[in-house]
Amino acid sequence: MKELDQAYVVHRQRLWGVCYRMLGSGIDADEVVQDTFVRAVEHRPGADRSLWPWLAKVAVNLARDRLRRRQRRTYDGPWLPSVVATDGLPGWLRGVELGPGPEAAATTRSEVDYAWLVALEALTPNQRAVLVLRQVLDLSSAETAQALGLSESNVRITLHRARKALEAVPTPSMADDSMTLVRFAEALRTGDLDALLAVLVPHAEATTDAGGEYHAARRIVVGAAAVARLYLGLWTKSQVWRPSPQFRQLNARPAVTLDMAEAGPGFAPRSVTLFDIRDGRIHRTWSVLASAKLA
C-alpha cells in the first residue's frame, strides 16, 4: 500500500495530463485518475512490473469507455474542451518526459493545443486512444494493441486515419499575437465594426460553449460579419456589469478571460475566449462559458 501511495504522489499529475488529452475535460480527467488508482488497489499489478505503464494503460481504457458514454449523450450547443494554462508550460502536461529545449516545448504545446483538442472530438474513442498511446506515450504498435485489445494491423490503420483527420489542424503560432488581440479589444471597446472586420478573416468562425447554463450561440457562427456582430452585441450588453478582461495564454493559444462583478440573469460571470491567430488576423475563436470547464 505504501508503494501505491508513493505512486499516487509521483504519477498523479502526469496521469492527469494523459487523461486530459483523452477526454478534453479537467473534471473527467480528475475522476479517471481516481478510478485508475482504485483499480490499482483492487487489482494490484505484480511487483515485478513497472507501475507507470500499467497505470497509463488502465487510465486510457477507462477514459475510452467514458468517452463512449459521453458521445452518446446530448449536449446543449457545441461542446468545447476545458481550458488549462500554458503560460509557464507546466511539466505535468507532458505525457512523457520530453527533456529540455525548444523542440520539447513545441511538442508539448502541440499536444495540449486547443485546436488539436477540438479536432480530437471528431475522432472515434478507439482513434483517440491509439493516438494518445502511440503519439503521446510513445508505445509501440504491439504494446498499444495489447493495451486496447486490438490487433496490430488495426492499431496501424486506426493511427493512420486519426493522423489523417488531424492534418488540417493549424499549429499554434509562435509569433507575438498580442497586438492582434489589442486591435480586437479596441474595436470592441469603441464599437468600430470596420476595425473589427479588418482583424477577422472573411471565413472566421466563433464557437461558444455555455453548457446550457448561460446565453450563448447554439451553433457555430460562420463569417466575419456574423462573428463581429456576435461579439459587438455581447460586449455592448456586458458593459453594465463592468467586465474586467485579462490577456493570457491557455492551451498554447492567446486568450482573453472576462470576469464580471455582477453578471445579469442568464449571463456568465466568467468566460474565456481562445484565438486562432495567423498572420495577424483572427481565423477562429472558442469561447468557454460553462462553469465546470473553468474550474
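A residue counts as buried when its relative accessible area is under 20%. That cut-off is needed at the opening stop of this tour of a predicted model.

**Stop 1: Arg66**

Select Arg66, which is placed in helix H3. Its relative accessible area is 16%, so Arg66 is buried. Display the side chains of Arg66 and Asp28: a polar contact of 3.4 Å joins them. With neighbours within four places in sequence left aside, Arg66 is in contact with Leu23, Asp28, Glu31, Val32 and Asp35.

**Stop 2: helices H3 and H6**

Two packed helices are described by the angle between their axes and the distance between the axes. The crossing of H3 past H6 is right-handed.

To see which residues make this contact, select Val60, Arg64, Leu67, Arg68, Arg70 and Gln71 on H3, then Pro125, Asn126, Arg128, Ala129, Val132 and Leu133 on H6. Colouring this H3 and H6 contact by class shows six nonpolar, two polar and four charged residues.

**Stop 3: helices H7 and H8**

Move on to helix H7, residues 141-148, and helix H8, residues 152-165. How far apart are the axes of H7 and H8, and at what angle do the helices pack? The axes are 8 Å apart, and the angle is about 100°. An angle of 65 to 115 degrees counts as roughly perpendicular, which is why H7 and H8 are described as roughly perpendicular to each other.

On the H7 side, select Ser141, Ala142, Thr144 and Ala145; on the H8 side, select Glu152, Val155 and Arg156. These residues make the contact between the two helices. By class, the contact of H7 with H8 comprises three nonpolar, two polar and two charged residues.

**Stop 4: Arg183**

Finally, select Arg183, which lies in helix H9, residues 178-190. Is Arg183 buried, partly exposed or exposed? Its relative accessibility is 39%, so Arg183 counts as partly exposed; that class covers values between the 20% and 50% limits.

Arg183 and Ala195 are twelve residues apart in sequence, while their C-alpha atoms are 7.8 Å apart in space. To complete the view, show Ala198, Val199 and Gly280, which Arg183 touches when residues up to four places away in sequence are not counted.

Terms used. Residues are numbered from 1 along each chain as its sequence is written. This is a predicted model: local features need pLDDT of at least 70, side-chain atom pairs count only at pLDDT 80 or more; totals for chains, interfaces and linings use all residues. Side-chain values use heavy atoms; hydrogens and water are left out. A crossing is left-handed if the near helix is turned anticlockwise from the far one by less than a right angle, and right-handed if clockwise. Helices (H or I, at least four residues) and strands (E, at least two) are DSSP runs, numbered from the N terminus. Contact means heavy atoms within 4.5 Å. Ala, Val, Leu, Ile, Met, Phe, Trp, Tyr, Cys and Pro count as nonpolar, Asp, Glu, Lys and Arg as charged, and the others, Gly among them, as polar. Buried means under 20% relative accessible area, exposed over 50%, partly exposed in between (1.4 Å probe, protein chains only). A polar contact is a pair of N or O atoms within 3.5 Å; within protein, one must be able to donate a hydrogen and the other to accept it, and residues adjacent in sequence count only if both atoms are side-chain atoms. Axes are lines fitted to C-alpha atoms, for helices over the stretch in contact, and angles run from 0 to 180 degrees between N-to-C directions. Angles under 35 degrees count as roughly parallel, over 145 as roughly antiparallel, 65 to 115 as roughly perpendicular and the rest as oblique.
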